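Subject: Structure for you to look through

Dear colleague,

I am handing over a structure that I would like you to read alongside my notes. Please open it first, and keep it in view while you go through the rest of this message.

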Amino acid sequence: MEKRTEPALSPLLLAMRGVVKTFGRSTAVDGIDLDVPERAFLTLLGPSGCGKTTVLRMIAGFETPDSGDMRLDNTPLVDVPPERRPVNTVFQSYALFPHLTVNENVAFSLKLRGGVPDMAARVRRALDAVHMADFGDRYPHQLSGGQQQRVAVARAIIAEPRLLLLDEPLSALDRKMRGHLQIELKALQRRLGIAFVYVTHDQEEAFALSDVVVVMNKGRIAQKADPQTIYSRPADSFVADFIGNSTLVEGRVRERLGDMATIDTPLGNVTAPVADGLVAGDLAVLVIRPELLSAHGEGTAMLTGTVSNCVFQGERSMIEADVAGVSLRFAAEAPYSIGSTVPLWLDAGRSFITRVAA
Amino acid sequence: MGRIGLSVLIVAAGFLYLPLVVLTVFSFNDSALMAFPLSGFTLEWYRELAQNDNFLKGFVTSFLIAQPVGILAMLFGLMASLALTAPGFRWRGLFAVLLLVPFLVPKSVLSIAQAMIMSRVGFERGATALILAQSLVALPFATALISAVMVRFDRRLIEAARDLGASPWQAFLRILLPQLRPALSGAYSVGVILSLADLTIAMFLAGRTQPLSLMVASEFRRELRPDLNAMQVVVLALTAALVGVSEFYRRRRLRKLAAGA
Amino acid sequence: MTFRQRHLALPVAVAIVAGCLAPLAVLVAFSFYEVEDFDLIPAFSFRAWGELATSTTDWFLIGKAVLSGVATTLFTALLGYPVALALTRLASSAKGLAIIVLLTPLYTGEIVRIYAWRIVLGGEGLVNTVLQGLGLIDEPLKFLLFSPFTIGLVLTYNNLPFMVLAIWVSAEMVDRRLIEAARDLGARPVDAFFRVIFPLTMPGLAAGSLTVFALSAGEMLTPSLLGGTSGATAMALVDNLFGTAFDWPLASALALALLATLFLVASAMAGLLLRLKGARAVIGRT
């Protein structure tokens, strides 16, 4: 994965502090602090129910926080109704107006202000940006899902909002279409220079699109960083588990020396980079990404495992091998038969010791 | 539910029920005049009502006429709905329009025309004519009610039954009909209620039969009497009870169906 | 020919044709007959139609029926929209109850409603008593009862549930997220209503309008019993011609003219509503 840098010293567009939202007896958002810099592509990532959509709706104005502070361009957002916020949303279900043509849908926000002088030109530009200029006179029900999604994006950007919110916009599309639109959305964001706040439960999508990924769990922010950091240094076992196919091994920290620590696990003692704040004696989790395990290596193998599962995936196979009661996941070029023994080498220096999630 | 929304609903409900509440209040009022201020609580009018033979006869008449109307509305509504949802029905559109005719043509026009043709043909005005005419008017409502349920019915259930050896008639009887029961009772209720509520058709076609609505109407022009008041309230209460019971039954049925009984 | 499900349409169709269409056809026939000494004579005479064409009273009454229908439709639509929209925001558990509450006044019967309003609007009725009690008026308001106001009020009362129901059903089918999208794009609640909700509930409004128009234009009893001197209706005249005057041809002609006029106006209404922006697109998808 290529390394990504944080947007350098961009002014803060949106700032949320200590925002809480409860519905009845359940707390959807439990005191989060979020910063969205200008021109950033920020993704809220997490399983369903983690609160990411609620956060988005609070930014849009469809939900009001119970407590906490929200500012856009340093102006408080409290009591500002959705129609007066310079924030637009691309909905998961597209929400195109069925009784209006594509052109009319896109022009909607402009028509509300009594129309603008070069409205037709602006509509055309917005549709060009999403490659839908030829469909202006069609009605939404005549378009495919991907086409409707693009029109929804055009409709949202024409008013030149300060911030664009996207609520799982690609989740209803098939894999191929999703891939195309991801590329288009990323390119669009770069061209427009508008900050995007994107919500998804798809980790690959989040990593592909974002400058900053905010992983959420049960209403709280688990980790907020660029994709590379989240991948190689997950903040806790929840994040580690959510991202990718890593194996999590529980253990206890034996000793810590600077950025490294030794953890005592059923696999033995492993020395690896460690998350901040963990000291000797703490319960911790060793995160082993599949690519750090190999069935080939120099010298004698550190571990010996018994294959318990093998999933053939074409150019490689995902193997699960049992080592001292721990099920390790790794990729191999050729399939192994269940029950066979396999020697394993672990690149401990690139694994990571992280805290146990609450 | 915003405050505006709630107040709108309360005002609307107030408007809709105002006359009925006033009617009920006066039926308990201890005065022969239907005027404010109120005089005091009394059951006098209801007592008089219970002893009024005419009223009892009228009530029984209304009731006896309403039952066949309900049944006919239910039966014909069922047939119409089955036809509307039948596969391969080329005349479906035309049939649907036909079903709207008894609804769109004003009752008064229909009844006068029917009266004219009956008198010409020598068909006596009376209970039979009344029943048939009222069933006709109830038909569009009954059909709409039953169709609404039938449209949502999963045809694959019938196919499964046929696959397991049921004849079309058996499939209908054992699979479709039980699901339709709430709608059928609803259609029956609609027929009964429309019959009880009607005056226009009765005016033209009832002949010598005197359903309650006719009785009250003939009194209406002369004076307002509290016992008529009480009469209205009783009819109202009974209609409400009928609606309540059939709704309760319908919901119980729906809940049972949902629970897979 | 094997019995098919669609054949069930036959008995129903026969019943409707015999019960509704045949009488109307007979009206057509009668309108060309002659009358002599209270006896109807089959003939082919244009006498009745001629009298109808030249009678200002008759056409005045037909016009009144149309006006009645249009006015009631308008009032019920204006009152019905807020109620229907408020109903959509009820919790689902409350909606079943709401339907019952909405429709119960309809079940009460024509005479009950007329009777009750007579009590409410009378000189010593509820409204007058309350207004006098509050000191807002000194004399009872005479216009409340036996006037055009009464007719308008009670007709609206009778037909409001139909309009509310029709609009409500349509409004329930409007995707809530479309309203959110509209607001997200800058629409105030008023804008959201006129640009999104209103166009999308057009089918409901159309169905309700046709229903209310048909029902109220043909009303005979409410105007005659509550309208006083202004309560004359075309149908009451038809009734008179049919019964007392025994001029069946003229009665038939008048009834048919009324029916035809109502049909034309209703079609025009439907056409107008369908021509509104995007209505076709919505109906096509419904």
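Predicted model: local features only at pLDDT ≥ 70, side-chain atom pairs only at ≥ 80, totals over all residues.

Residues are numbered from 1 along each chain as its sequence is written, and chains are lettered from A and ligands numbered from 1 in the order in which they are written.

In chain A, five of the five residues of strand S3 (residues 41–45) are buried, so this strand is largely enclosed by the rest of the structure. Here strands (E, at least two residues) and helices (H or I, at least four) are DSSP runs, numbered from the N terminus, and a residue is buried if 20 or more other C-beta atoms, placed from the backbone, lie within 10 Å of its own. Both faces of S3(A) are covered, with A:Phe41, A:Thr43 and A:Leu45 buried on one side and A:Leu42 and A:Leu44 buried on the other.

Two strands pair if DSSP finds at least two bridges between them. S3(A) pairs in the parallel sense with strand S8 (residues 195–200) of chain A over five bridges, and A:Phe41 has A:Phe196 as its bridge partner there. S3(A) also pairs in the parallel sense with strand S9 (residues 212–217) of chain A, over four bridges, where A:Val212 stands opposite A:Leu42.

Elsewhere in chain A, five strands form an open sheet with antiparallel pairing, in the order S13-S12-S11-S14-S20. Strands S13 (268–273) and S20 (352–355) of chain A stand at the edges with a single partner strand each, so one side of each is left without a neighbour in the sheet. Within this sheet, S11 (residues 247–257) and S14 (residues 283–288) of chain A pair in the antiparallel sense over six bridges, and A:Val249 stands opposite A:Leu286 in S14(A).

Finally, the contact between chain A and chain C takes 20 residues from each of them, where two residues are in contact if their C-beta atoms, placed from the backbone, lie within 7 Å. On the side of chain A, strand S6 (87–90) and helix H2 (102–112) each supply at least two residues, and H2(A) gives the most, with three residues.

With best wishes

Note on methods
Buried ≥ 20, exposed ≤ 12 C-beta atoms within 10 Å, placed from the backbone.
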